[in-house]
Amino acid sequence: MTRGGPPGRQENADGWEHMTHAKDGTVAVVGAGVMGAGVAEVAAAAGYRVVLLDVTAARLDAARDAIRRGLSARSLLHPGGPPVPEVLGRISYGTDDAVLADAAVVLENTTEDRAAKREVHVRIDRLCGPGTLVAANTSAIPIRYLAEGTRHPERVVGTHFMNPVPHKPLVEVVRSELTADGSVTRVTDFLRSIGRRAVVVGDAPGFVSNRILMAVINSAARLVEEGVASRADVDEVFRSCFGHPMGPLETADLIGIDTVVRSLRVLHEFTGEAQYEPRPLLLDLVARGRLGDKTGEGVHPRPSGPGKGDGA
């Protein structure tokens, strides 16, 4: 991470900032799913050296292919950014998390399982130096829950990236009661350096975005179950009446139905509110492997959005 003044930057017509030379320091991205791959892509495109970590080589291979495809498509749609080979050359891949010791910033993007995610943060904390900034990308898990098991909870801050990461300019930054002011400043500066805007919110299950969105998706599923409206008509009401680009069920397909169900369960566990208990329609889709755009079928029979799921 840059220690002195920021290096020169240029902004493309698409709104992304691309660095005219590489930044200092290494960004470690833990978890190579859809969200982790997207975060690695935007950090490398902005000039950072990135190491993308996961427990399996197969998942790293899939992430490598996804990043290459994403950068190639973006170069065609928005020419003038950094050359694709140059960006790809900034990203390394591995399964050995000992490299976290040398990272300036760690961005955690593992599966939305609160116990597993907390253990990941304990290990990150053990491996990193005390000056490393640690950011948790979670859809709904309170940041204090993840931070309080570490030796340095003051450096842990939430960074809720939206899906698909390369196309979403805003990040929901979550400050827990344990997060230091300096950590919030550092993470907002970092996000600005990769072309992202930050909205800082307080710590609560689901934060702002998913505390509202998951209740809406669950309610939409209930209306379909009760025969009040078809799946297509629920989404049409939101698009045509409210001007939303996507309806709630289309959004669920984009996020990934499995991710929606995990987020709802986290919200139900932490709040105890019945509105977050996953609806049978969603549970049935997960059981049948209809997970949304990433599998080709979800609430709707075909992909309904511009990206692929695994992140809210």
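Helix α4 (residues 114-127) lies across β3 (26-30), β6, β7 and β8 (156-161), and runs at about 165 degrees to β6. Contact here means heavy atoms within 4.5 Å. The model is predicted: local features need pLDDT of at least 70, side-chain atom pairs count only at pLDDT 80 or more, and totals for chains, interfaces and linings use all residues. Residues are numbered from 1 along each chain as its sequence is written, and side-chain values use heavy atoms, with hydrogens and water left out.

The open sheet has eight strands in the order β5-β4-β3-β6-β7-β8-β9-β10, with mixed pairing; two strands pair if DSSP finds at least two bridges between them. Because β5 (91-94) and β10 (197-202) stand at the edges with a single partner strand each, one side of each has no neighbour in the sheet.

Aromatic pairs form a second topic. The structure holds three of them, where ring centres of Phe, Tyr or Trp (its six-membered ring) lie within 6.5 Å; planes under 30 degrees apart count as stacked, over 60 as edge-to-face and the rest as tilted. Two are listed below.

| Pair | Centre to centre | Angle between planes | Class |
|---|---|---|---|
| Tyrosine 145 and phenylalanine 270 | 5.6 Å | 75 degrees | edge-to-face |
| Phenylalanine 238 and phenylalanine 242 | 5.2 Å | 80 degrees | edge-to-face |

Tyrosine 145 lies in helix α5 (residues 143-147) and phenylalanine 270 in helix α10 (residues 257-271), so their pair ties together parts that are 125 residues apart in sequence. Phenylalanine 238 and phenylalanine 242 both lie in helix α8, four residues apart.

Technical notes
Helix = DSSP H or I, 4+ residues; strand = E, 2+ residues; numbered from the N terminus. Axes fitted to C-alpha atoms, helices over the stretch in contact; angles between N-to-C directions.
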